[in-house]
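Let's take a friendly walk through a protein structure. Please have a look at the sequence and the 3D view before reading on.

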Amino acid sequence: MNKMISFLVIYGILISILLFFVFCDAKAFNEQPYFFEVEATAYCYGETRCDGKPVRSGICAGKKEWYGKVLALYENDNGNPGEFLGYYECLDTGGDARIKEGKCVDIYNPSKEWCINFGRKKVLAVIIEGKG
């Protein structure tokens, strides 16, 4: 009787594991985020975005394919993500060719002093599906 119970318990565990891998995307648990290098700049001028809505803190201008997505930006520490700079929702496309090509993101901040201090830097970015 005890052997039968042990067999059923082990059988149940194996079936549960099998069902997990069949119905869940197991790859999602092992995937690492895709970081890519871009140049980051900051702007404080202008009142409207490409969609006619007002600019606000927490947005950036980026490649049009990124519109509506969120970028997580990090300092570039020799090709590895360093200090976290923030999440920025891509809700503008900018006029600069580097932005349109995805080589640069332009972060909006209403403070001219903040923008000057931020300057221009190489950063690592990862695209996050969703809204900020």
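Which residue in β6 is the bridge partner of A40? The partner of A40 is K121. Keep in mind as you explore that this model is predicted.

## How the strands pair

Strand β6 covers residues 121-128, and strand β1 covers residues 36-43. These two strands run antiparallel to one another and are joined by 5 bridges.

Strand β6 also pairs with β3, which spans residues 70-77. Here too the sense is antiparallel, this time with 6 bridges. To find this pairing in the 3D view, look for A72, which stands opposite V126 in β6.

## A buried cysteine

Now turn to C104, which belongs to strand β5, residues 104-108. C104 counts as buried because its relative accessibility is 0%, and the cut-off for buried is under 20%.

What surrounds C104? Apart from neighbours within four places in sequence, C104 touches V38, E39, T41, A61, R98 and I99. Take V38 as an example: 66 residues separate C104 and V38 along the sequence, yet their C-alpha atoms are 5.1 Å apart in space.

For a contrast, find Y87 in strand β4, which runs over residues 80-92. Is Y87 buried or exposed? Y87 is exposed, because its relative accessible area is 51% and exposed means over 50%.

Key. Residues are numbered from 1 along each chain as its sequence is written. This is a predicted model: local features need pLDDT of at least 70, side-chain atom pairs count only at pLDDT 80 or more; totals for chains, interfaces and linings use all residues. Side-chain values use heavy atoms; hydrogens and water are left out. Helices (H or I, at least four residues) and strands (E, at least two) are DSSP runs, numbered from the N terminus. Buried means under 20% relative accessible area, exposed over 50%, partly exposed in between (1.4 Å probe, protein chains only). Contact means heavy atoms within 4.5 Å. Two strands pair if DSSP finds at least two bridges between them.
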